[in-house]
Amino acid sequence: MAVTLTVNGRRRTVAAAPETPLLYILRNDLELNAAKFGCGMAQCGACTVLVNGRPLRSCVTPALAVADTKITTLEGLGSASNLHPLQKAFIDEQAAQCGYCIAGMLMSAKALLDETPHPTEAEIRQALAGNLCRCGTHNRIVGAVLRAARDMGGTIGGRT
Ligand code: FES
Ligand code: FES
């Protein structure tokens, strides 16, 4: 069977069963490898992508469920030569150790800033609460999101 998805603005058709998890199609068929397989059970957030602008766990989302949506992965956010402010802020704050969680963190942070351009630190922590980082870089990640909001023109409260 074939599944057609709209990913990062492009219509893509792949041979896959409709119940195939979106993450598998992104990584295995579309070679979009930013989203990671962590737990496979909607527990860690490493596989987070945006669906119609909202964060979604792609490891447990059947492809058919997102066939008529706009899917955005980290690859659709920015590029090495044209970084999204969030990506730049994560680099500037060195908000990663192994990096495994970072794509999911960035996508959750993107959804937050789209909806709340001036988030407080508490709002950032709340928005990223479902994204786990085993390396313990949460404080730097929160700092990076604060920096990105500032760089994007948001007037935000300082860190608590
Ligand atoms: S891999 Fe999807 S939430 Fe952990
Ligand atoms: S930087 Fe390693 S899991 Fe977050």
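I am working from a predicted model.

I then went through residue partners. Leu 50 has Pro 55 in β4 as its bridge partner. Val 51 sits opposite Arg 54, also in β4. The hairpin leaves two residues between the strands, and Asn 52 there takes a positive phi near 50°.

Next I wanted the strand order. I get an open sheet of five strands, running β2-β1-β5-β3-β4, and the pairing is mixed. Which strands stand at the edges? They are β2 (10-15) and β4 (54-57); each has a single partner strand, so one side of each is left without a neighbour in the sheet.

A reminder to myself: strands in a sheet pair through backbone hydrogen bonds, and the sense can be parallel or antiparallel.

**Around β1**

I moved to β1 and its partners. Strand β1 (residues 2-7) is joined to β2 by six bridges, and the two run antiparallel. Within that pairing, Leu 5 has Arg 12 in β2 as its bridge partner. β1 and β2 make a hairpin too, with two residues between them. Asn 8 in that turn has a positive phi of about 50°.

What about β5, parallel or antiparallel to β1? I noted parallel, over two bridges, with β5 covering residues 70-72. Val 7 is the residue I found opposite Ile 71 in β5.

**Aromatics and the nonpolar patch**

I searched for aromatic pairs and the structure holds one. Tyr 24 and Phe 37 form it, 6.5 Å centre to centre and with 40° between the planes, which counts as tilted. The pair links distant parts of the chain: Tyr 24 belongs to helix α1, Phe 37 to the loop between α1 and β3, and they are 13 residues apart.

How accessible is Phe 37? I read 37% relative accessibility, so Phe 37 counts as partly exposed. Tyr 24 comes out at 36%, so Tyr 24 is partly exposed as well. A residue needs over 30% relative accessible area to be taken into a patch. Which residues make the nonpolar surface patch? I have Tyr 24, Phe 37 and Tyr 100, for a patch of about 290 Å².

**Ala 96**

My last stop was Ala 96, in the loop between α2 (85-92) and α3 (102-115). Its relative accessibility is 37%, which means that Ala 96 counts as partly exposed. How far apart are the C-alpha atoms of Ala 96 and Arg 140? I noted 7.8 Å, for residues that are 44 apart along the chain.

How values were computed
Residues numbered from 1 in each chain as written. Chains lettered and ligands numbered in written order. Predicted model: local features only at pLDDT ≥ 70, side-chain atom pairs only at ≥ 80, totals over all residues. Heavy atoms only, no water. Patch = residues over 30% accessible without salt bridge, like charges linked within 9 Å, V, L, I, M, F, W, Y side chains within 5 Å. Areas by Shrake-Rupley, 256 points an atom, 1.4 Å probe, with all protein chains shown as cover. Salt bridge = Lys/Arg side-chain N within 4 Å of Asp/Glu carboxyl O. Buried < 20%, exposed > 50% of the residue type's maximum accessible area, 1.4 Å probe, protein only. Phe/Tyr/Trp six-rings, centres within 6.5 Å; stacked < 30°, edge-to-face > 60°. Helix = DSSP H or I, 4+ residues; strand = E, 2+ residues; numbered from the N terminus. Pairing = 2+ DSSP bridges.
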